[in-house]
Number of protein chains: 2
Amino acid sequence: MINIAVLGYGTVGSGVVEVIRTNQDIVNKRSGQDIKIKYVLDLREFPGDPVQEILVHDYNVILNDPEVDIVVEVMGGLNPAYNFVKSALEAGKSVCTSNKELVAAHGAELLAIAKEKNLNFLFEASVGGGIPIIRPLNQSLTADEITEITGILNGTTNYILSKMTDEGSDFDSVLKQAQELGYAERNPEADVEGYDACRKIAILTSLVLGKQVDYQDIYTEGITKITDAEIKYAKALGGSIKLLGMSKFVDGTVYSMVSPFIIGKDHPLATVNGVFNGIFINGNVLGDTMFYGSGAGKLPTASAVVSDVVDAVKHQGTNIMTIWDSEKVALGDMDTFNCRYFVRTKSKKAEVEAAFGTVSYVTVEGLDEVAFLTENMTEGDFNQKVKALDMIYRLRTAL
Amino acid sequence: MINIAVLGYGTVGSGVVEVIRTNQDIVNKRSGQDIKIKYVLDLREFPGDPVQEILVHDYNVILNDPEVDIVVEVMGGLNPAYNFVKSALEAGKSVCTSNKELVAAHGAELLAIAKEKNLNFLFEASVGGGIPIIRPLNQSLTADEITEITGILNGTTNYILSKMTDEGSDFDSVLKQAQELGYAERNPEADVEGYDACRKIAILTSLVLGKQVDYQDIYTEGITKITDAEIKYAKALGGSIKLLGMSKFVDGTVYSMVSPFIIGKDHPLATVNGVFNGIFINGNVLGDTMFYGSGAGKLPTASAVVSDVVDAVKHQGTNIMTIWDSEKVALGDMDTFNCRYFVRTKSKKAEVEAAFGTVSYVTVEGLDEVAFLTENMTEGDFNQKVKALDMIYRLRTAL
């Protein structure tokens, strides 16, 4: 019998309780033990909910109960999650978490404590919701030098961009609709400004490198400036706009960013629409691979958390090797990052050509302006050249 | 230091040697040990190839060398692979294999020996080439009741169907082209008749159920009868034809088959084209997920084999729990399998409606015949009703 405690009875926490209760037989069989939820921690009361019987308000009840083997942290945020998780590990309890802020900020430290104590700190649900990505990256893609990891890591922004593309609606009205449907938070900043995707690509990149990538260092640009015009140009270019969390590993330099990109229709991520997430990986011997699924939502996220619980039970007393040292990685300067840029400008074609030489023009009915695609060039070079133009907007592309 | 021996220096075997040599530092770091290829077994000589220095022709040299920790079996076929692998495990060596025939036929038995001996028998490369699927299924999708696992599991047939779709070419000429490019074997039967996909869906289904699914029991239909007409009808229906290995778990009944299907353009597998593979999984809490990548080829397959080697090194002395008992699963009768059928017939619409009631007709320019899509019905019901018609061909659909 393995006793677990769930910290937080919000969306994911109630999902974890539901998944374990619904699939109790399967979970027991696959972990080889009977798994019992002994406590749920929440400050609130839930009258009428059976969880009330195992609800506690004081974390010390859990921390000081030697019968609790595994702590499931699904509260989110850094405080008090960080202290709760750290003290749980120090008290000899393995931890499974869905908390991307916590993992991005303190992953290396918490993994080191788990290793020292012969425990496990697992965080499959922190990136890609229900999509298995942390464990495959850590345990399956081990024969390759990873050259790129690029993901559609935020369902809210992907839903908004998909809707704008399908229906020709503008950003604000689609955001409002997404909020009404519960796909976007009332304060949508973390999603639409790319902060959520930034934590996630920081975690993935740290795991690829085995070193610490600070999310604060990652260039992050959201989607709030994308208008119907950009959507139309993307279509005219035979592609679509996606908010990508991307890390490219080029000759020892790591470029890491969150940015909207125009991607071509043959890109493996092109068909990842709506609230779905997708993570594309290229390895030097594996070639291209892609993982697709529900990147958020109560039950898919809880499914990933419970898969961590099963893994923690299977590895009681053995630390699962995860290489993520606290040594910090210096990211490559965005000025040396290479891509093709799409530009809308009020300038004339002659000015564009004076600045950029040969470009590919793009036209969209009803838009009386010059728009073009540059050749492949560095961001520094691009920024220098574009100064000569009266630019309306520019987008990076992976065309 | 961990010594490994590679059995077979064909396409995959030479790939394994190349991957370990190319990515030696990465592989050592991720496994936490120095990995050395001590022997390569092959009956042939390879003059001029550095492998010659470690080449042996007698398996007993490997079997009797206590320094060999891990045996990599990449010869293919049942004999002598089965005896070699079994004796390696009995001699206390973990085994990593890419051999789908071996795993489909003897997986349960070899896993039991590995467990008893506290070793590992790993076979990531046996399904989906470089795509991580065996380990995710075994270790990540553990919180779910799997309701469906459906894959494009054979690159050769997917290449042929993609080419027929893109270029309007006929089966025979595309097959010839595929053979010239090395995408199809000189004897293509195992691919085009679905036998290869059949072994793979047998392995995946056995892992989902934790019990033995005999590949001989799986209904298997290939793509040799698909003509340009079917391709055109599939397009007219807004979909495409894919050879699917499919298992559906419906109310305790397991339907398992390999069959060409018409799938809609929104199906997650619709964009898996050319030699790529894709595996779609639905779980009762996870929802839909999909894994995509190179399903074959020297280096992608070798990448998966070497990831197993890394895992075996990390788990020296510990058996990785894999639930696959020898207890045999009785598959559901195809007569009770439910889907919508597409039918081409020489009969008249009145006869069609007399037999099937309401149907959806499909027309394609230049084809002067009746073609239609049935409602959802059981295969037994369909076979009964279609007897009244002069049928040209029928296809299962997932529309």
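View 1. The domain assignment, whose bounds come from an automatic or database source, divides chain A into domain 1 (2–129 + 298–314), domain 2 (135–294) and domain 3 (335–398). This is a predicted model, in which local features need pLDDT of at least 70 and side-chain atom pairs count only at pLDDT 80 or more, while totals for chains, interfaces and linings use all residues. Residues are numbered from 1 along each chain as its sequence is written, and chains are lettered from A and ligands numbered from 1 in the order in which they are written. Taken over C-alpha atoms, the centres of domain 1 and domain 2 of chain A are 27 Å apart. Where these domains meet, 12 residues of domain 1 of chain A are in contact with 15 residues of domain 2 of chain A, contact being counted if the C-beta atoms of two residues, placed from the backbone, lie within 7 Å. On the side of domain 1 of chain A that touches domain 2 of chain A, helix H5 (residues 100–116) of chain A supplies the largest share, six residues. Helices (H or I, at least four residues) and strands (E, at least two) are DSSP runs, numbered from the N terminus. By class, that side of domain 1 of chain A holds five nonpolar, four polar and three charged residues, where Ala, Val, Leu, Ile, Met, Phe, Trp, Tyr, Cys and Pro count as nonpolar, Asp, Glu, Lys and Arg as charged, and the others, Gly among them, as polar.

**View 2. The relation between the two chains.**

**View 3. The interface between chain A and chain B.** Across the interface, 46 residues of chain B are in contact with 46 residues of chain A. Among the elements of chain B that each supply at least two residues to the side touching chain A are helix H1 (11–22), helix H6 (134–140) and strand S12 (287–294). The greatest contribution to that side of chain B is made by H12(B), with nine residues. Sorted by class, the side of chain B that touches chain A has 21 nonpolar, 16 polar and nine charged residues. Strand S12 (residues 287–294) of chain A runs antiparallel to S12(B), and five bridges join them; strands pair if DSSP finds at least two bridges between them. Within this pairing, Phe291(A) has Phe291(B) as its bridge partner in S12(B).

**View 4. The packing of helices H2 and H12 in chain B.** The axes of H2(B) and H12(B) are 8 Å apart and meet at an angle of about 35°, the axes being lines fitted to C-alpha atoms, for helices over the stretch in contact, and angles running from 0 to 180 degrees between N-to-C directions. The contact is formed by Val27(B), Arg30(B) and Ser31(B) of H2(B) together with Val306(B), Val310(B), Val313(B) and Lys314(B) of H12(B). By class, these residues are four nonpolar, one polar and two charged.

**View 5. The parallel sheet of chain A.** In chain A, six strands form an open sheet with parallel pairing, in the order S3-S2-S1-S4-S5-S6. Strand S3 (55–56) and strand S6 (121–122) of chain A stand at the edges with a single partner strand each, so one side of each is left without a neighbour in the sheet. Strand S5 (residues 94–97) of chain A pairs with S6(A) in the parallel sense over two bridges, and Cys96(A) has Leu122(A) as its bridge partner in S6(A).

**View 6. Two loops of chain A.** The peptide bond that joins Asn79(A) and Pro80(A) is cis, with omega about 10°, and Pro80(A) is found in the loop between strand S4 (68–73) and helix H4 (81–90) of chain A. In the loop between strand S9 (239–250) and strand S10 (253–264) of chain A lies Asp251(A), a residue other than glycine with a positive phi, near 45°.
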